[in-house]
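I opened this one to look at helix packing and then at the ligand surroundings. My notes follow in the order I looked things up.

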Amino acid sequence: MLMLLFLTLAGIIVDGEWKVYQRSTESIPAIRKLHLALQVEEKLIAERGVSNFLLQQDFSEDRAMHGKLAPVRAASDRSLRNLRQALQERPGPWLAPVMADLLLTEQRLAATRTDMDALAARPKEQRDPEAAAAAIAMIPSTLDTFAPVVAALSSIAIQVDQQFHDGVDSAQLATNLRNVAGQMVSTLTAPVVAQRPLTAQERYTFAKLSGQADQLYGVIEMQLRAYSHKPEFKTALQSIREGPLGDGLDLLTKLFVIGRSSGGYDLTPDQMIASYVPKMAAISRLRDLIVMDMIREAEQRNLKARYFLLATVGLATLALGVFFLLLRVIRRRVLRPILEATDLFVSLANERLITSIPAPRYDDEIGDMMRAIHVLKAHSQERICLGKEREEMIAQLRAASDTDFLTGLLNRRAFFAQGEQQFGIAQRYRRQLALILMDVDHFKAVNDQHGHLAGDQVLCKVAELSRRCRRKVDLLARYGGEEFLLLLPEIDLEQGRAVAEKLRVEIGACDFQLDDGVSLKISASFGVVAFEHDDALESLIVRADQALYKAKDGGRNRVMALPREPGQDAGGRGQDGEGWARADEPAKLSVVSIEK
Ligand SMILES: Nc1nc2c(ncn2[C@@H]2O[C@H](COP(=O)(O)OP(=O)(O)OP(=O)(O)O)[C@@H](O)[C@H]2O)c(=O)[nH]1
């Protein structure tokens, strides 16, 4: 967005300078075209003067007279050609109407020349005076046709650069002055040729023209005040004052005075032309001076505009470069680190500590922030480690508090905690649940004969064998000393008995290898009960204990499965052992006892 704004601003400035440069470039050809048009005007005025002069003479047979006409016509044609060529160089929407006026001028000029040549071919006395007057009048009308071309080119030159307003006006006024001066001498040509007094019309025209000449000069002088410091302008104005409006005008005024009375002029028409016409060149020189000065000025402006344009483009490019560099630095040193920091904060918040934190590149605020994130990450890591350690410790403590330190089985506390759950399910949903209480037989003797450590080994082995016998859902615990508990969900009394029997067989079949190389054979007794309307896990254990007692009492190494008798309450060992039998005897009761 910032970049767009900058580019727009730079574009506007460069575009402004480009327009100034373009205008100044267009200005030079526009002034040149106007100059060529003013030259056409001058040549047409000159042709008019010579034509007028010749029509007063009898030159049907005079080759020399024809020789005077040809160069002025050629000059007119050349100037028209030059203008036409220049106009086509840089065409624009203005070209079509200007070319149309130019064509009309050329057509009128050609028609005028044809008429004039037809008249001139006859001896002077045979010429129709009206036709001669009409032919003479056609040349000014050609000038009138050409006037729009000059006006159009003047306004184009001014439009391109308003600064040239005075210069364009002055050049036009100079051409007008040249025209008026030419007309003045033309007015006197006929009377001087005929050596006759001036007609009233001629007197009026001359007086009017001489007044116009004075006025035009005055205006030109005023317009050129800005150029008064330039000596060449001073000289040019002075030569007009001294030439066509000085000696020249004095001569014409003298002839005018004679023409008002006698008409006896003391000079020939040729002498008059030769004395006056060359003086008119001073006016054309002033016009050319004005035009050349405008062109010089336009060229200087064009050069200046080019320098400005180049400087603006250069500065804009430089500024753009600096701007890009600045943006890069801001992006590198501020924006990117902030985005990185945001990602890092999010990572830290989500405890994704594997995200690496870039090392701070600079010793600035962003660097401080990166260092702070490093510290934050270290703290988070520490906190998470501590948390993990704590959880592990809790787990270890929990495991330790639930586990029997010798056998690794559940201890009595954990058995009750988890067993209550199973008992609750059985009680609530009337599910089957069996409990086996196992006691190693004559274990005291093992301790006594082989030592306490050997006793521990035996207990560990019994625990291992028990582990192999149980399912995943069964709870196996060391109840205390050499007693073990096995709680079997979804198992009835008979199935429980079978499990106990299997375990009894396995223990009996096992060789208990002691560290001292002695191999022992041991047995265990089992009390088995199943859940039957018991109101607590303890009562189930009590009943299992009773069954165990009966198994011990029955001779050990046997399984006693004891169903709950109607109305039986929890009781301890020492109750009547009635109702159990040896396994090898057919069971008389529902109690089954197996002895190896
Ligand atoms: N090595 C060892 N001995 C233990 C441990 N806990 C209890 N005892 C011993 O186990 C013996 C249990 O003996 P008694 O209760 O008399 O029973 P018994 O010798 O197995 O005889 P019956 O149960 O009647 O077959 C005691 O001598 C206890 O000291 C233990 O963790 N390790």
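**H1 and its neighbours**

I started with helix H1 (residues 2–55) and helix H5 (residues 165–194) in this predicted model. Their axes come within 9 Å and cross at roughly 5°. Angles under 35 degrees count as roughly parallel, so I wrote H1 and H5 down as roughly parallel to each other.

Next I listed who meets whom. On the H1 side I noted Leu34, Leu38, Glu41, Glu42, Ile45, Arg48, Gly49, Asn52 and Phe53. Facing them in H5 are Val168, Ala171, Thr175, Arg178, Asn179, Gly182, Val185, Ser186 and Thr189. Sorted by class, the H1–H5 contact has seven nonpolar, seven polar and four charged residues.

Then I turned to H1 against helix H3 (residues 95–120). I got axes that come within 11 Å and cross at roughly 20°, which makes H1 roughly parallel to H3. I noted the crossing of H1 and H3 as left-handed. Ser51, Leu54 and Leu55 of H1 make the contact with Met116, Leu119 and Ala120 of H3. My class tally for H1 with H3 is five nonpolar, one polar and no charged residues.

**Around the ligand**

Which residues come nearest to the ligand? I found Phe443, Lys444, His452, Gly455 and Gly481, out of 17 residues around the ligand. The elements giving two or more residues to this shell are strand E1 (433–440), helix H12 (443–450) and helix H13 (452–469). By class, I logged the ligand shell as five nonpolar, five polar and seven charged residues.

Note on methods. Residues numbered from 1 in each chain as written. Predicted model: local features only at pLDDT ≥ 70, side-chain atom pairs only at ≥ 80, totals over all residues. Near = placed C-beta within 6 Å. Helix = DSSP H or I, 4+ residues; strand = E, 2+ residues; numbered from the N terminus. Nonpolar A, V, L, I, M, F, W, Y, C, P; charged D, E, K, R; others polar. Axes fitted to C-alpha atoms, helices over the stretch in contact; angles between N-to-C directions. Parallel < 35°, antiparallel > 145°, perpendicular 65-115°, else oblique. Contact = placed C-beta atoms within 7 Å. Left-handed = near helix turned anticlockwise from the far one by under 90°.
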